[in-house]
Amino acid sequence: MVFFLSVLFSMIGLGGAIVYVPIFYWSGFDLLSAIPMGLLLNTVTSASAAVTYLRKGLVQLSVAIPFLIISMIAAPVGAYCTRLVPVDILLGIFSIIMVLIGTQMLLPGKIFFPGTGNQENIRSFPIILAGGSVVGFAGGLLGIGGGSLVMPLLIYMGYAVKTAAATSGLIVLFTSFAGFVAHLGSWQPDMQLVIYITIAALLGAQVGSYLMHTRMQPETLRKMLGLVLWIMALRMIAGLFGILSDGNL
């Protein structure tokens with residue numbers, strides 16, 4: 001399963017922690033183990049794909065580097081806020097945002113974000129500042145790489161779908177690694193399992209990055225992103241309703 005998920009997520013510029021973490025949790029791992037395992041696979045998938053994308057010249061370093069710096073500054077703030085803000089409320093907001101962005105990716109018209117594809121937005125520092133802050137904060141707060149926000153943001157800024165996916169993958173690599181390091185203190189890994197899933201993620205990301213560069217049509221890639229965002233959002237909403245029905249809020 002890890003292999004096929006890494007193929008998919010490497011193609012659309014997402015690390016996949018937002019899916020890996022619940023999968024490991026449902027498989028019987030406690031949450032403190034599931035989060036670092038998901039972030040590890042995020043890091044491995046993104047790193048493996050980034051090698052291909054950098055070699056092919058698809059990554060926009062002029063955007064990725066400042067975005068990374070800003071998100072790294074914001075991440076500790078998000079981690080600190082986990083003790084202050086009800087995470088379930090923020091997950092609900094995050095789910096709604098993903099539904100809106102996913103709908104934008106699936107439908108041909110510019111419904112929610114009419115500025116999508118506007119070349120004037122490329123390398124816009126205010127957008128990079130705002131986007132990097134939100135992604136870093138969300139990553140620190142929720143233990144995710146932030147790719148589900150980065151790629152749609154880059155498309156909004158005017159980048160081609162493949163360039164946005166490749167650049168998003170590089171950003172997710174560093175944000176995921178930072179989150180992984182932050183959670184190492186609470187992790188007691190099964191090293192044999194870690195080795196197996198790491199190899200699967202490496203191989204899957206190589207296959208996915210190759211397919212994205214050579215075979216995938218931009219419109220197909222865009223719709224795949226929208227579908228994945230919808231699935232992730234619905235899963236998060238279902239989990240929130242489960243929490244509500246259990247009376248934990």
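Here is a short walk through this structure, from its aromatic pairs to its helices.

The model is predicted, so local features need pLDDT of at least 70 and side-chain atom pairs count only at pLDDT 80 or more, while totals for chains, interfaces and linings use all residues. Residues are numbered from 1 along each chain as its sequence is written, and side-chain values use heavy atoms, with hydrogens and water left out.

Let us start with the rings. A search of the whole structure turns up 2 aromatic pairs. Rings of Phe, Tyr and Trp (its six-membered ring) pair if their centres lie within 6.5 Å; planes under 30 degrees apart count as stacked, over 60 as edge-to-face and the rest as tilted. Phe3 and Phe4 make an edge-to-face pair, 5.3 Å centre to centre with 80° between the planes. For Phe24 and Phe29, the centres are 5.9 Å apart and the planes stand at 85°, so this pair is edge-to-face.

Phe24 is buried because its relative accessibility is 7%, and Phe29 is partly exposed at 27%. In the other pair, Phe3 is partly exposed at 28%, whereas Phe4 is exposed at 63%.

Now turn to the surface. Leu54, Leu61, Ile65, Ile69 and Ile73 form a nonpolar patch there, with about 480 Å² of accessible area together. Such areas come from the Shrake-Rupley method with a 1.4 Å probe, and for residues only the protein chains shown count as cover. Patches are made of residues with over 30% relative accessible area and no salt bridge, with like charges joined within 9 Å and nonpolar side chains (Val, Leu, Ile, Met, Phe, Trp, Tyr) within 5 Å; a salt bridge is a side-chain nitrogen of Lys or Arg within 4 Å of a carboxyl oxygen of Asp or Glu.

Helix H4 (residues 61-81) gives the most to this patch, with 4 residues. Helices (H or I, at least four residues) and strands (E, at least two) are DSSP runs, numbered from the N terminus. Leu61 lies in H4 and is partly exposed, because its relative accessibility is 42%.

Further along, helix H7 (residues 147-157) is mostly covered, with 10 of its 11 residues buried. Among them are Gly147, Pro152 and Met157. After H7 comes Gly158, with a positive phi near 115°.

Helix H8 (residues 161-183) is mostly covered too: 17 of its 23 residues are buried.

Notes:
Buried < 20%, exposed > 50% of the residue type's maximum accessible area, 1.4 Å probe, protein only.
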